[in-house]
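Before reading on, please look through the sequence and the fold slowly, and keep both in view while the paragraphs below lead from one part to the next.

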Amino acid sequence: MNAPTTRRLTVAQALVEFLAHQYTERDGRRHRLINACWGIFGHGNVAGLGQALLESGDALPYLQGRNEQAMVHAAVGYARQCDRLSAHAVTTSIGPGATNLVTGAALATVNRLPVLLLPGDIFATRPADPVLQQLEVPHAGDVSVNDALRPVSRYFDRVTRPEVLIPAALQAMRVLADPVDTGAVTLALPQDVQAEAYDWPEEFFADRVWRVTRPLPDADALADAVRAIRGARRPLLVAGGGVHHSEAEDALCAFADATGIPVASTQAGKGSLRYDHPADIGGIGHTGTATADALAREADLVIGVGTRYTDFTTASATLFAAPGVRFLNLNIAPFDAHKLGATSLVADARAGLEALTKELSGHRVDAEYEAAYGADKAAWERRVDAAFGAADDSVRPSQTQVLGALDALIDDTDIILNAAGSLPGDLHKLWRARSRRQYHLEYGYSCMGYEIPAAIGVRMAAPGRPVWALVGDGTYLMNPTEIVTAVQEGIPIKLVLIQNHGYASIGGLSQETGGERFGTDYRFRAADGAYTGAPLPVDLAANAASLGMRVLRAATVGELRAALAEARGANRPTCVYVETETADTVPGAPEAQAWWDVPVAETATRPAAVAAREAYDRHAAGRRRHL
């Protein structure tokens, strides 16, 4: 009997070779599961994975980053644009390089997006103890800083021996390819083990396909769902990110066309229907439209599709206010399908919507209901026009007018990215999404500094499409470093840098909750600690230019329109810098349409906080448990 064929490689070499042969497959289409590896080298990965990546050549392309957290953001942007069917790996050194991954890992796991993290680790054999950057834990000799990644990873393993890599790598791929379990996956790699040679079975390096299936709904559960919809007078569908991940947009459109049921969207689900579809009523929740939130308050059945019902969607459990409201959740994850005491339909979003449309044949909501929400939708569009428009091209634009200028310029191919600040609220309420992957908001973790690196990842996944990172000054200062990566790699992202001299979103929240905008301005302070009102002499446009980006400054609405058009046609990384008026100076700019629970001090001496607590108690009284 012939002995199994083996190949002698180091652990790092074997891992790189293994990753180059992993694929996903859905609907008969095959995709590379790990398409590239981002890396910043230091001790712990330079002589292990660094050498292996160099030796592998194009088998697993290497991408150079400037900040470890940013590399994860770029990988997440790529994975989301690829509908979670392809992902990137990220490798770092053993100390701050590894701990810098934690925020990015949390973002990936919260948003259910796959990324493979390969941090270096301290010596498994402990020839010298401690080594540089080692965290010493007196009561646990096997702990390293990588253990900080455990709670933010969907799967974590430490490869302490070469033979451990085989089961660990297979489990890692299983989780990355699983639409229910996916998120950040961490394989901690001790630096001595990375360099250790081992005789690997050839089968470990064979092409392996991880099939991403479309589970069908259970027949009895489907019957329950159909009865619930047929019995509803004022049903409302809430489209979440799962619609996009499943590529279920056409199925949702067919469902809405057949039934007339209005469709609201979460931040992750926006664009599930085109903005001009008759059933699309825009964003829902604290940052939603007046149309969607009014329907939500009166809905007797809420149909959640691919949503996990965050507090922004439910307005902190105050939005769905009808006394007898019930929930029907279509979700591939049982954990989410059972939320809010719902009738659960555990299935792939596309398969579930197709089954519902078939079983509901001939059923349609009342014509009066359709006419009413259609009229409300038209009224809201007029408010959007007012917020987007500018009567005079010579004036300084507001933030919503910046969005209006961009809205007037783009077409179906453009992609916009944002994650934090006041922009998510304006975008969710106002943006007119024209295609399935145009609207890219990371709002599960709302991580400042996501936008620029994520834009790089998105552009890599969607070459040829204009990709816009919309960034405020606070977010820009968190993480501008990947501008250098975009310049080095010739990735022509477009950056819209909005200067409003502080944390506009949190400043507004502070004011509403009695904090009087404390600590939210970027302005000079007087000797008594008060803000003088004079902006700091900080030139963020010059900073972006110093990192290699072409910068176009726009002082007026007219200049902004010209700069955006020039940036859209540019074939190199380009920034449009604009200083905006404050949001409350804009006629027609819509305020929040629903509440969000941020607890206010129960006792206070300052009148603003006392008044804010009274308002808080009024809103909180409407909170309810859905059972």
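Contact, as the word is used here, means that heavy atoms lie within 4.5 Å. With that in mind, and remembering that this is a predicted model, we can begin with leucine 237, which touches Leu252, Phe255, Ile261, Pro262, Val263, Ala264, Ile303, Val305 and Leu353, leaving aside residues up to four places away in sequence. Leu237 belongs to the largest nonpolar core, which has 52 residues, and it is listed there with Ile229, Ile284, Leu353 and Leu356 as having the most contacts inside that core. Helix H8, residues 219-230, gives the most to this core, with five residues. A second, separate core of 50 residues includes Val76, Leu540, Ala544 and Cys575.

Six strands form an open sheet in the order S5-S4-S6-S7-S9-S8, and the pairing is parallel. At the edges stand strand S5 (62-64) and strand S8 (155-158), each of which pairs on one side only, while neighbouring strands of this sheet are turned by 20° against each other on average, if direction is ignored. Strand S4, residues 34-39, is joined to S5 by three bridges, and within this pair tryptophan 38 stands opposite leucine 63 of S5.

Why is strand S7 described as largely enclosed by the rest of the structure? Seven of the seven residues of S7 (residues 115-121) are buried, and therefore the strand is largely enclosed. In a regular strand the side chains alternate between the two faces of the sheet. Both faces of S7 are covered, with Val115, Leu117, Pro119 and Asp121 buried on one side and Leu116, Leu118 and Gly120 buried on the other. Helix H3, residues 68-81, lies across S4, S6 and S7, and runs at about 170° to S6.

The buried residues of H18 are Glu451, Ile452, Pro453, Ala454, Ala455, Ile456, Gly457, Val458 and Arg459.

Definitions and conventions. Residues numbered from 1 in each chain as written. Predicted model: local features only at pLDDT ≥ 70, side-chain atom pairs only at ≥ 80, totals over all residues. Heavy atoms only, no water. Buried < 20%, exposed > 50% of the residue type's maximum accessible area, 1.4 Å probe, protein only. Helix = DSSP H or I, 4+ residues; strand = E, 2+ residues; numbered from the N terminus. Core = buried A, V, L, I, M, F, W, Y, C linked by side-chain atoms within 4.5 Å. Pairing = 2+ DSSP bridges. Axes fitted to C-alpha atoms, helices over the stretch in contact; angles between N-to-C directions.
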